[in-house]
Structures are given as structure tokens and as C-alpha cells.
Amino acid sequence: MHAASPKLTSALRYGLAIVLVCAALFFSLVLQASFGNPFWFFFPAAVILSTWFGGRGPGWLAVCFSTLVVLYYFIPPIRSFALKLHDVPFFLMFVACELAANWAISWRREIEASLRRARNELEVRVEERTVELRDANEALLKQMEERRRTEEALQETRDELARVARITTIGELTASIAHEVNQPLAAVVANADACVAWLALQTPDLVEARAAAERSVQGATRASDVIGRIRSLISKEAPQRGRIEINDIVEEAVALGELQAVRHGVSVELELTEDLPEILGDRIQLQQVILNLMRNGIEAMSGVADRTRRLLIRSRIQEDGHALVSIHDYGIGIGADVMDRLFEPFFTTRSQGIGMGLPISRSIIEAHGGRLWAESTAGQGSVFQFTLPNANGPAK
């Protein structure tokens with residue numbers, strides 16, 4: 001069975017009820033003539049079909065019409081609407097069956113219509129929700145893409161700012177750089193002169209000349225290495241990470257900053273633990289961090305006159321396998337009010353500083369998976385420490 005078509009007009013629905021009752025009358029009369037007994041079940045069937053296809057109104061019309069037809073054609077006296085007393089229970093039973101059929105079918109039809117409407121509403125809501133979720137997902141994807149572009153731009157800005165800080169550091173270490181380059185070049189000249197002198201003898205001393213020439217080559221190579229380190233510090237190349245020895249980084253940074261320490265009367269002492277595990281990092285960025293911390297420690301002792309100006313740099317391994325580097329100055333220390341703001345961008349206590357050295361250093365260390373912090377005792381100096389994870393993973 002199918003629900004009523006919306007194309008059926010009201011007249012057609014009521015007409016259908018009349019046609020069905022007439023058909024039930026026809027078949028009942030035909031079968032009564034053939035078998036002698038009326039087949040009244042055709043009338044409940046007509047009521048059921050009228051209610052199902054036409055609705056409650058046509059169903060009631062079918063009930064009323066079939067009741068009159070049965071009373072007129074099948075209940076004595078035939079072809080009369082009179083009803084004898086002993087036929088009343090039977091007639092009432094017939095009417096009750098018709099009413100029950102009409103009610104049951106009407107109820108089922110309404111339930112199915114309600115379910116159909118609920119399903120249609122649910123489909124509409126699901127479709128609307130799907131559209132909302134799709135729009136929200138597209139908006140989220142756009143936000144994620146925008147955030148990715150923002151993070152990339154921020155990282156580019158950080159890299160450029162770090163490069164500017166490195167160039168500033170190199171500018172302040174110009175004298176040290178000149179000293180570093182001048183020493184191997186002077187050695188090259190001296191050894192070249194010696195080589196020429198050994199060869200100018202009446203009997204050339206080839207062994208000594210060869211040794212002087214080799215020393216000249218070594219001096220030139222050293223000068224080239226110094227220039228290479230300086231160029232790498234100020235280059236705009238993207239950071240390149242690899243397995244490196246932290247002690248080598250410390251020694252290279254000290255070589256660049258040692259003359260500045262000498263000019264300020266500061267002795268640099270190294271206590272480096274041997275056989276430290278390799279770390280995974282960018283050599284140039286880590287040199288920048290150590291150089292910056294060295295400069296801060298040297299300048300912190302510029303006003304110290306009652307004790308030796310020492311800058312102690314240590315390296316050791318922690319229990320978790322991380323490498324720890326500490327730079328300890330014996331200056332005036334850092335006050336609590338300054339300590340709270342020490343790593344804030346653009347905060348500085350130096351008249352010529354820009355306040356970006358420590359924030360950049362911390363960001364570099366954190367980008368390597370480590371941690372940078374400071375400790376200080378007023379009047380006794382400060383110690384800056386940072387950790388770097390083991391390239392082989394945590395200790396087991």
C-alpha cells in the first residue's frame with residue numbers, strides 16, 4: 001500500500017471512497033447470488049482502502065455509505081432502512097468493525113505521515129548541518145593556512161633578526177677578528193721569509209725551507225678558517241643542523257671573543273668535560289649564543305676592581321644525557337627586578353644595547369630542544385646556563 005498522492009484532489013479522494021463502496025456492493029451482490037450468502041468483508045476492505053488512499057474524511061464517508069448500503073441491501077427487510085430489534089447487535093457489530101478499521105488505518109496513516117515529515121525534517125537538518133560543518137571546516141582550513149603563513153613569516157623574521165644580531169656581534173668583535181686574522185698572516189710572512197733565507201744560503205737547507213713552507217701553509221689555512229667562520233656568522237643561509245661536538249663550539253667562540261676579554265682585563269678559563277655526547281644543532285647559531293653570553297659576562301665585570309676578573313666556561317653531561325654549558329662571570333650580579341625581565345625583547349641595561357641578544361639566544365636554544373636560564377647572587381656574579389639534548393636521544 002502507498003500513501004495518498006498529493007496530486008489527488010479532494011473531490012477525487014471522496015469520489016474514490018464512493019467508488020470503492022459501490023465496488024464492494026457489486027461484488028457482494030454477485031457472490032450472494034452465486035453462493036447464497038452475502039460477503040460483507042468487502043465493505044471493511046472498502047473502508048480501509050478509502051482511508052488509506054484518501055485520508056480520514058473519505059474513510060468516514062466510506063463508513064457511512066457502506067453502513068447505509070448494508071442496511072438497505074443485506075439486512076431484512078431488504079431494500080429498506082428499517083432495522084429489526086434482533087438484527088441490532090449484528091448491525092452494531094458491523095458498524096463497530098467499520099469504525100475500528102477506519103480508526104486503525106487513519107492512525108497508522110497519520111503515524112507514517114508524521115514519520116515521513118520527521119525524516120524529511122531530519123534530512124533537511126542534516127543537510128543544513130553538513131553545510132555548516134563544511135563551511136566551518138573550510139574556515140578552519142583557511143585559518144590553519146593563514147596561521148602557517150604567519151608562522152613562516154615569523155620564523156623568517158626571527159632568522160633575519162638573529163642574523164642582524166650576529167652582524168652586530170661581529171661589529172663589536174672587529175678588533176678580535178683583526179687579531180685572529182693578523183696572527184696567522186704574520187706567521188705566513190715570517191715563515192715565508194725564513195723559507196727564502198734557508199734557500200738563499202750558499203748551501204740551501206732544504207729541510208728547514210720545507211718546514212718553513214709547511215708552516216706558511218698551516219698559517220694560511222688557519223687564516224682561511226677564521227674568515228670562513230666570520231662569513232658563516234653573517235651569512236643569510238638557512239640554519240643547517242648536524243651532529244657536532246659542543247666543546248668544539250665553545251672553543252671556536254672563545255677564539256673569536258678572547259681579544260675582547262683581554263681588552264677588558266678578563267681571563268677566560270675553560271673547564272670542558274671530555275667525551276661529551278654529540279648534539280644535533282646548527283654550529284653558527286650556537287656560536288652566536290656563546291659569544292653573546294661571553295660578551296654579557298665580560299661587560300658585567302667592567303666595573304669590578306676588588307677581585308680578579310674571571311670568566312669561567314664549563315661543559316658537562318647531565319643525568320638525562322643532555323649537555324650542559326655554563327658561563328660564570330664574577331661581576332656585580334643581577335638584581336631581582338632586572339632578573340624578572342632579563343629575557344624580554346628590547347629590555348637592556350646597557351646604554352648601547354638593543355635588548356635582543358638574550359631573547360634571540362633563548363629562542364635559538366629552545367629551537368634546539370634545550371633550555372636557557374640565568375642565576376645570580378648580588379655582588380658575586382651571575383651564571384648563564386643552557387642545555388642541549390643528546391643527538392642519540394635521552395640516556396637509558
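Colleague: Leaving aside neighbours within four places in sequence, with which residues is phenylalanine 386 in contact?
Modeller: The model is a predicted one. In it, phenylalanine 386 belongs to the largest nonpolar core and is listed with Ile246, Leu293, Leu342 and Phe384 as touching the most other members. Beyond four places in sequence, the contacts of phenylalanine 386 are Val289, Ile290, Leu293, Ala323, Leu324, Val325, Ile327, Ile365, Arg371, Leu372 and Trp373.

Colleague: Which elements give two or more residues to the largest nonpolar core?
Modeller: The core in question has 40 residues. Both helices and strands contribute two or more residues to this core, namely α7 (246-263), α8 (283-300), β4 (310-317), β5 (323-329), α10, β6 (371-377) and β7 (381-388).

Colleague: How many of the residues of α8 are buried?
Modeller: From first to last C-alpha, α8 reaches 26 Å, close to the 26 Å expected at 1.5 Å a residue. The helix is mostly covered, and its buried residues number 15 of 18.

Colleague: Which residue places a side-chain oxygen within 2.8 Å of the backbone nitrogen of glutamine 285?
Modeller: The contact is located at the start of α8. Glutamine 285 supplies the backbone nitrogen, and the side-chain oxygen comes from aspartate 282.

Colleague: At what angle do α8 and α10 pack?
Modeller: The crossing of the two helices is left-handed. On the α8 side the contact is made by Gln285, Leu286, Gln288, Val289, Asn292, Leu293 and Asn296, and on the α10 side by Gly357, Leu358, Ile360, Ser361, Ile364 and Ile365. The axes lie 10 Å apart, and the angle is about 145°.

Colleague: Why does serine 361 count as buried?
Modeller: Serine 361 is found in helix α10 (residues 357-367). Not counting residues up to four places away in sequence, serine 361 touches Val289, Asn292 and Leu372. Buried means under 20% relative accessible area. Serine 361 therefore counts as buried, because its relative accessibility is 2%.

Colleague: With which side chain does the side chain of glutamate 375 make a polar contact?
Modeller: Glutamate 375 is found in strand β6 and, at 42% relative accessibility, counts as partly exposed. Leaving aside neighbours within four places in sequence, glutamate 375 is in contact with Met339, Ser382, Val383 and Gln385. The polar contact of its side chain, at 3.2 Å, is with the side chain of tryptophan 373.

Colleague: How far apart in space are glutamate 375 and isoleucine 334, C-alpha to C-alpha?
Modeller: In sequence, glutamate 375 and isoleucine 334 are 41 residues apart. In space, their C-alpha to C-alpha distance is 8.3 Å.

Key: Residues numbered from 1 in each chain as written. Predicted model: local features only at pLDDT ≥ 70, side-chain atom pairs only at ≥ 80, totals over all residues. Heavy atoms only, no water. Helix = DSSP H or I, 4+ residues; strand = E, 2+ residues; numbered from the N terminus. Buried < 20%, exposed > 50% of the residue type's maximum accessible area, 1.4 Å probe, protein only. Contact = heavy atoms within 4.5 Å. Core = buried A, V, L, I, M, F, W, Y, C linked by side-chain atoms within 4.5 Å. Expected span 1.5 Å × (residues − 1). Polar contact = N/O pair within 3.5 Å; in protein donor to acceptor, adjacent residues only side chain to side chain. Axes fitted to C-alpha atoms, helices over the stretch in contact; angles between N-to-C directions. Left-handed = near helix turned anticlockwise from the far one by under 90°.
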